[in-house]
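These are my notebook entries from a look through one structure, kept in the order in which I looked things up.

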Amino acid sequence: MQARIKNINAWPSTMPDEEWEEVATGIPTTEEPFIKQYVSGREALIAQEQKQRSDFAFRQSLSPIAQKACRIVSKIRDHEAATIWNSGLEDILAQKIGANVYPGMMFSLAKERMESTALWKIMKKMPKGALLHAHMDAMVDFDYLFGVLLETKGMHIYCNSALDTDIAREGAPVKFRFQVKDRVDGASIWSPEYIPDTPILLTQAADAFPKGGRQGFIAWLKDRCTITNTESIEHHHGVDAVWRKFSSCFGILNTIMFYEPIFRLFMRRMLKQLLDDGVKWVDLRLAFVFRYYKEGTDEPEDTFHEIFRVFGEEIENFKKSEEGKGFWGARMIWTGLRLLDTRKMVEDMDACISVKLAYPHLISGFDLVGQEDAGKPLKAVLPELFWFKKQCAQEGVNIPFFFHAGECLGDGSDTDQNLFDAVLLGTRRIGHGFSLYKHPLLIDMIKEKKILVESCPISNEVLRLCASIMSHPLPALLARGVSCSLCNDDPAILGQDTSGMTHDFWQCLQGWENLGLAGLGSLAENSVRWAAFEDESNSEWMQNIKDATLGSGVRAEKMKEWSIEWEQFCLWIVTEFDDDE
Amino acid sequence: MQSFSVILSILGLGLLHVAIGALDPDGVPYPDDPSVLNQQAGIAILKNYEHKKRTDYIFRQNLSPTAKLADKIVAQIKKTEDITIWNRYANSNNPKFPGQNFASARSTIGTTDLFKVVKRLPKGSLLHAHLTAMLPYGIIFQTILNTPGMVISAATDLASDANKNNTSINFAHSNTTVTAAAASIWTTSYIPNTPVLVTEAADAFPGGRVAFLAFLKDRVTLGIDDAEQSELGVDAIWKKFQGIFGTVGTAWSYEPLVRSFLQDLFGSLADDGVQWVEIRNGGNNGVVKTGDSVASPDPDYWYNLFQDEVTKFKATRKGRNFWGTRIIWTVSRGRERARIISDMKNALNFKAKYPDLISGYDLVSQEDLGRSLSDLTPELLWFQQQAGARNLTIPYFFHAGETLGDGNSTDDNIISAVKFGTRRIGHGFSLFKHPTLMDIYKEENVAVEVCLISNEALRLNDNVLQHPLPALIANGVYTALSNDDPAIEGQDDAGLSYDFYEAIQGFENIGLAGLGNLAQNSVLFSNFEDQNSYKWYTDIEEGANGSGIKADHVREWNKDWEKFCKWVVSEFGAKYNATA
């Protein structure tokens, strides 16, 4: 790549011409054998390093069309970096937020602009395979969800204190629930007279919102349920601070989406958005710390069987529908909260096993969630985890681990060391693995054990593990040969604002020269290869992943299907964007 | 490579193979159940196995009992202060947290026990620092204000805030009587580039001299505001950063000032436990002799002056244990071929004249925007050829990989640098993404000069926790800590203590022992004298067991380290309740 020198004439040569002429004859040309030797040595070194990459084999087997598509995309990337992502920087006064535009800038500042690029169009169309790391309650865009919330008959709002001041509205634990009978006569929730915990009909409360009525209400609720633009750039306040906000979002959402009519619409919206985005399969995660209500009832279900029945039904309905044609399906990784005490954790595990017995095709695994830094490290819950394993064996069910691990900064802290436990506990994939790049031995083990890292670049940026896509460590893992896939984690809360993965794919493509379209293709292929399509024993899981397309099961079949889509996609790029090659 | 499942099975640590014994009332295994203990043992073994790969493994293995105890005490200090000072686990919106960005943490850091420890630690050598950005500007501007005949000028008037913030400001010495300027530099009637007595300008500044000094310092340092606007990106901060060097260069141009600054600089390094410094500095050192107004035409003047001051300092009480200093010749990488070549010729000529003073060669300014090493291949090969022909030893100490990119031209510089036989690289921020290269750096004993606070100030990372240093150490790459441009980037102290503090505060895996190893590395990788590559390499391999200057200094450092560890134990052992 050519160096980007702005003004070389700023330092005129001071060497007299005759002297320069004499010296110039002594400077070797690039044709000299020893320079050629130097250059070829350098190239060889780069090639040697490329061989270690996890996408090396994928790159080697690219079809001629795919190779051409990769070249085209890389040209578009360079072009857009120089045009769309260039504010010139000549005027120092332009150095204010938003005015200064450059490749690799913070996600929340770049989002709107990226959605208008050609790269976006391409990424949107890309077959993305499977989404392997996504928390279900943070999947559907809030414009839609809150619209549904307001339209659903019988929804009420309540809180343990009046929401009469800005401070109360900023932090009080506001909740929603369905009531059979509309409650319209209590004092307004926005007034000091409000009697705590009294449900108020939502439509009425929303219209009475003190700052702009219903529209103001939606804007406020969105602020409460997302990492706002301001928060997303205030990186200097650190990880714990943003996690406090992040965790609080779930508390509100959990009272909105688990009323059956809303839940069904939620499912449909999510599955459609995923498929529209080229995602054919999703391994969802959900923490079961909410109450589920059937349509028309304000008494919650005692167990989680009913929600799984509906979950399964909606998936099947979607697959059968016209708009859901070609969708492969979805399963659920049951997630417990890592901060629960032993008794509650065991209770939760027990609930998981009981649902697994009833809906074996819907539960694919087990994980623990909540901020790793603030919760218990895996090493502190070993007794519980061993109990779970034993209990599963006794009940004859197979619920493998898909642990979050290393979603942290630091080096050698307890959270960082979760990586060791996850590997030794036999995790099949690792959620985030952000700190893994600091562990050469673990990297080798993870490669050998064929553990995939579910990488969530935008999530890591917004939750302040890295300043921008440019400082995300995924390239280090890829260079080392670790298999990874891209995931969006909590797109509704973190700012992608859609269930799809295009933003994450786009960010990686623009961020790293070494990745390119081929690298992205490999990441998408990995997602299919490591999806938990069906129950498999450890040895079947290993074997099927090793066999990849050469196997005989569902996995191989889906991988073949993906590679056909990939070829079609590459062909589309070539037809659509090839102007002069 | 040995299979890890084999290792694990040898150790009896196959997964989940240990039967679960008795259960507690909830039916959960007790924490001391064999199945649980087995898992924990497995992790301990793995960790130990991983630690063997670390650069500091041998250093840790050889710690004396006192040093081990000191290491434990310091870990306890950090743990305590994480909670008492840095609010770990506090569920509040108090913005403090362990590892928070340096700019806003700095004032608190100075009050900690951990900083007291770090301050006293023998730091060995400072290997990466740029001359005019080393000594804090508070001292510099105060000295200028106290020096008769110093004048200030600006490219525009300095009336508006915009001009105050952006206009280039210069200092000079005037040997004629400067007549009172027709108009103050702070008003719109100021005629651009008119010299005004600094004292006069200072008195006329709104708020007087104190405010004037604060204004100047603010102009030439990166502050909390800059740190908190990391979303503006790397190029934006470099624009501001690079602009600073123009102004401060003029502050470093008048002989009495330069002499006084050098004494201050060496003094504060010695105060901080730094015994050797390799200063990067451009070759064009016009210096205005005492009483003059224009730069001396004698190109040797600056070098003689510099040598003079080093000798002078070593004769002082403070300078007793100071090993000395050398200069790495630098040139801006933005320049075209003829300009680079003519500068290289200068470098070679001065190297011939001052062989003990000139240590190596490097290219500076923002890597992302300047010419890549690959693009400079003809020039760099020519330089090596010329040096060889003239029998001069002037090895490369390249800046390389001071970038966020992965596969861009700056990132590629770390490949070129090692191919050109660089002896160390400056920054190597992107090196952690290159497994093959890390192996080569290890094999060829190429060290990385890591500048934690500088990388943060220039927006490669938001805070120390995001810095990739731990990955380099875990992979066995040699690293040493440097401070790069401490006067600009917020350390506001020429010493290394703040950078050392950041390393130990950020990473549990480093600790006091790891910090000691980083300091020892700095001695091991100092270019004390001209050596051919073979001698350089073997001296590093032999360390304290070798013969020659390097081995002497390593042994001296080792002694200081033991003394220091003893001090830690006696000073903090009781307070932090740690015993062997």
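How many salt bridges are there between chain B and chain A? I count two salt bridges between chain B and chain A, taking a salt bridge as a side-chain nitrogen of Lys or Arg within 4 Å of a carboxyl oxygen of Asp or Glu. In one salt bridge the side chains of Glu19(A) and Lys345(B) meet, at 2.8 Å from N to O.

Before going further I note that this is a predicted model, in which local features need pLDDT of at least 70 and side-chain atom pairs count only at pLDDT 80 or more, while totals for chains, interfaces and linings use all residues. Residues are numbered from 1 along each chain as its sequence is written, chains are lettered from A and ligands numbered from 1 in the order in which they are written, and side-chain values use heavy atoms, with hydrogens and water left out.

**Entry: the interface**

I looked up the contact (heavy atoms within 4.5 Å) and found that 100 residues from chain B and 93 residues from chain A take part. The area buried between the two chains is about 8900 Å², and carbon and sulfur atoms give 62% of that area; buried area here is the accessible area (1.4 Å probe) that two parts lose on being put together, summed over both. Of the area that chain B buries against chain A, Glu50(B), Glu231(B) and Asp406(B) supply 8%, more than any other three residues.

I then looked up polar contacts, each a pair of N or O atoms within 3.5 Å; within protein, one must be able to donate a hydrogen and the other to accept it, and residues adjacent in sequence count only if both atoms are side-chain atoms. Between chain B and chain A there are 20 residue pairs in polar contact, both residues at pLDDT 80 or more. On the side of chain B that touches chain A, the largest share, ten residues, comes from α2(B), where helices (H or I, at least four residues) and strands (E, at least two) are DSSP runs numbered from the N terminus.

**Entry: salt bridges within a chain**

Lys217(B) and Asp492(B) meet through their side chains at 2.8 Å, N to O. This pair links distant parts of the chain, 275 residues apart, with Lys217(B) in helix α10 and Asp492(B) in the loop between β11 and α21 of chain B. Lys217(B) is partly exposed at 24% relative accessibility, and Asp492(B) is partly exposed at 26%; buried means under 20% relative accessible area, exposed over 50%, and partly exposed in between (1.4 Å probe, protein chains only).

Lys353(B) forms a salt bridge with Asp300(B), with the closest N and O atoms 3.0 Å apart. Because Lys353(B) lies in helix α15 and Asp300(B) in the loop between β5 and α14 of chain B, the pair ties together parts that are 53 residues apart in sequence. Asp300(B) counts as buried, at 14% relative accessibility.

In chain A, Arg59(A) is joined to Asp55(A) by a salt bridge whose closest N and O atoms are 3.0 Å apart. Asp55(A) is buried at 1%, whereas Arg59(A) is partly exposed at 22%.

**Entry: cysteines**

My search of the whole structure found zero disulfides over all chains, a disulfide being a pair of cysteine sulfur atoms within 2.5 Å. Cys225(A) is buried, at 0% relative accessibility.
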